[in-house]
Amino acid sequence: MTMRGGSVVVFEDFFPVMVERLGAQGFMEELSKGFRLLMDKEKGVITLESLKRNAGLLGLGGMSDDDVQSMLSEGDLDRDGTLDEREFCVLMFRLSPGLMKGSKEMLEEAIDS
């Protein structure tokens, strides 16, 4: 979340616009860049430590450790305590209601590209 002109703007509000501008393939490439920005470079996954260390890049620098852990747990589908790239992308889709509505079409477009 960021403040703009006194109102709160939630980052996922921009995802449908990004898809419209970048196309499905371009949007998925941007998600991959976001994943690489947040991941632990040695382990190749997002860990609690790497997410805490890089939370400021998302405008989330003031989050408590419990909030960061909750965010990680929300996306950790295989319950290994980390987010791989697929889990990160799924989490980003789940956080954006606008993307969830068109996710099937977007996935088909990305696969066909």
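Trainee: Which residues of the largest nonpolar core touch the most other members?
Mentor: A nonpolar core is a set of buried Ala, Val, Leu, Ile, Met, Phe, Trp, Tyr and Cys residues joined through side-chain atoms within 4.5 Å; buried means under 20% relative accessible area (1.4 Å probe, protein chains only). Here the largest core has 17 residues, of which Phe-27, Leu-31, Ile-46, Leu-51, Phe-88 and Met-92 touch the most other members. At least two residues each come from α1, α3 (65-75) and α4, and α1 gives the largest share, 6 residues.
This is a predicted model, in which local features need pLDDT of at least 70 and side-chain atom pairs count only at pLDDT 80 or more, while totals for chains, interfaces and linings use all residues. Residues are numbered from 1 along each chain as its sequence is written, and side-chain values use heavy atoms, without hydrogens and water.

Trainee: At roughly what angle do the axes of α1 and α4 cross?
Mentor: Axes are lines fitted to C-alpha atoms, for helices over the stretch in contact, and angles run from 0 to 180 degrees between N-to-C directions. The axes of α1 (residues 15-38) and α4 (residues 85-94) come within 10 Å and cross at roughly 140°. Therefore α1 is oblique to α4, a term for angles that are not under 35 degrees (roughly parallel), over 145 (roughly antiparallel) or 65 to 115 (roughly perpendicular).

Trainee: What share of the protein chain counts as buried?
Mentor: Of its 113 residues, 34% count as buried.

Technical notes: Helix = DSSP H or I, 4+ residues; strand = E, 2+ residues; numbered from the N terminus. Buried < 20%, exposed > 50% of the residue type's maximum accessible area, 1.4 Å probe, protein only.
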